[in-house]
Structure formats: structure tokens, C-alpha cells
Amino acid sequence: IKLNREQTRSKAKENYLEVMNSDGMDQEAVSSATDAYMKMTENMELETEAETMLLAKGFPDVMVTINDSSVDVVIGKASITEEEKAQIEDVVVRKTGCTIDMLSISMAN
């Protein structure tokens with residue numbers, strides 16, 4: 001899943017960079033591509049920080065994905081306790097700046 005996410009983002013980055021570096025491209029399009037590129041890069045950094053912290057707290061095979069209106073967390077366990085759920089929520093809210101109502105936690109197994 002992570003590989004698929006990275007491949008999709010790599011293609012999106014290529015597209016944004018192509019627009020940003022094209023001669024004769026409409027300034028509004030360049031500005032929009034630049035903003036989208038910066039937002040995607042920022043989200044990737046926040047996702048990595050949250051994933052690293054969750055791994056350090058003992059959650060294996062974790063993946064965090066930040067979207068415009070939600071943050072999805074996939075944990076590589078069949079189930080989690082309420083205490084673990086609270087830990088995940090705490091880490092993800094602190095690292096991403098999202099609110100609890102934006103957060104969705106799923107199990108991979």
C-alpha cells in the first residue's frame with residue numbers, strides 16, 4: 001500500500017513540476033501547481049513524522065495518509081484496545097494538526 005502511495009505521489013510530483021517549469025504556462029496554473037506541490041510535500045512530512053512516532057510506540061506496519069478533509073491511519077494489527085486507540089489519536093492529532101473528527105483508524109488484518 002505504501003509503495004502504491006509513493007508511486008502515485010511521484011507521478012503527481014512530476015506533473016506539478018512539469019507545469020511549474022513549463023515556458024508559457026499560465027501564471028495561475030503555475031501558482032496552483034506550486035501550492036499543490038508544497039501542500040503534498042508538507043503532508044508527506046507530517047505523515048512520516050506520525051508514522052515514525054507510532055512505530056516507536058509499538059504499532060507495526062502503520063500508515064498515515066493526510067487528505068484535504070481527513071486523516072486515515074491503518075494499523076497492522078487485527079484489533080486495538082481503547083488505550084491504544086487513545087495513543088494513536090494523541091500522536092496523529094499532535095503530529096498532523098488534525099482534529100479527532102477528521103481521524104479514521106482502520107486495522108489492516
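Colleague: Asp-61, buried or exposed?

Modeller: Asp-61 is exposed, with a relative accessible area of 62%. Exposed means over 50% relative accessible area, buried means under 20%, and partly exposed is in between, using a 1.4 Å probe and protein chains only.

Colleague: Before I go on, what are the ground rules for this model?

Modeller: It is a predicted model, in which local features need pLDDT of at least 70 and side-chain atom pairs count only at pLDDT 80 or more, while totals for chains, interfaces and linings use all residues. Residues are numbered from 1 along each chain as its sequence is written, and side-chain values use heavy atoms, with hydrogens and water left out.

Colleague: Back to Asp-61. Where does it lie?

Modeller: Asp-61 is in the loop between helix 2 and strand 1. Its phi is positive, about 45 degrees, although Asp-61 is not a glycine. Helices (H or I, at least four residues) and strands (E, at least two) are DSSP runs numbered from the N terminus.

Colleague: How many helices and strands are in the chain?

Modeller: Three helices and three strands. Read from the N terminus, the order is α-α-β-β-α-β.

Colleague: What box do the C-alpha atoms fill?

Modeller: Roughly 55 × 25 × 20 Å along the principal axes. The chain has 109 residues, and 28% of them count as buried.

Colleague: And what share of the contacts comes from residues 24 or more positions apart?

Modeller: Taking contacts with a separation of 6 or more, such residues account for 52%. A contact here is heavy atoms within 4.5 Å.

Colleague: Now the strands. Which way do strand 1 and strand 2 run?

Modeller: They are antiparallel, with four bridges joining strand 1 to strand 2, residues 71-75. Pairing requires at least two bridges found by DSSP between two strands. The two form a hairpin, with four residues between them.

Colleague: Which residue of strand 2 stands opposite Met-63?

Modeller: Val-74. In strand 1 (residues 63-66), Met-63 and Thr-65 point one way, Val-64 and Ile-66 point the other way, and all are buried.

Colleague: Why does Arg-5 count as buried?

Modeller: Because its relative accessibility is 13%.

Colleague: Helix 2 next. Does its span agree with its length, or disagree?

Modeller: It agrees: 30 residues at 1.5 Å a residue should span 44 Å, and the end C-alpha atoms are 43 Å apart. The expected span is 1.5 Å times one less than the number of residues.

Colleague: Which residues of helix 2 are buried?

Modeller: Val-30, Ala-33, Met-40, Asn-43, Met-44, Leu-46, Glu-47, Ala-50, Glu-51 and Leu-54. Their cover includes helix 1, strand 1, strand 2 and helix 3.

Colleague: And helix 3, what should it span?

Modeller: Its 15 residues, 82-96, should span 21 Å, and the end C-alpha atoms are 21 Å apart, which agrees. Gly-97 follows helix 3 and has a positive phi near 80 degrees.

Colleague: Which residues of helix 3 are buried, then?

Modeller: Glu-84, Ile-88, Glu-89, Val-91, Val-92 and Thr-96. They pack against helix 2 (27-56), strand 1, strand 2 and strand 3 (103-107).

Colleague: Why would residues three or four places apart point the same way?

Modeller: Because an α-helix has 3.6 residues a turn.

Colleague: Take Val-91. What does it touch?

Modeller: Val-91 touches Ala-50, Met-53, Leu-54 and Lys-57, not counting residues up to four places away in sequence. Val-91 counts as buried, at 0% relative accessibility.

Colleague: Last topic, charges. How many positive and negative side chains are there?

Modeller: There are 11 positive and 21 negative, and the centres of the two sets lie 6 Å apart. Lys and Arg count as positive, Asp and Glu as negative, and His and the chain ends are not counted. Each charge is placed at NZ of Lys, CZ of Arg, CG of Asp or CD of Glu.
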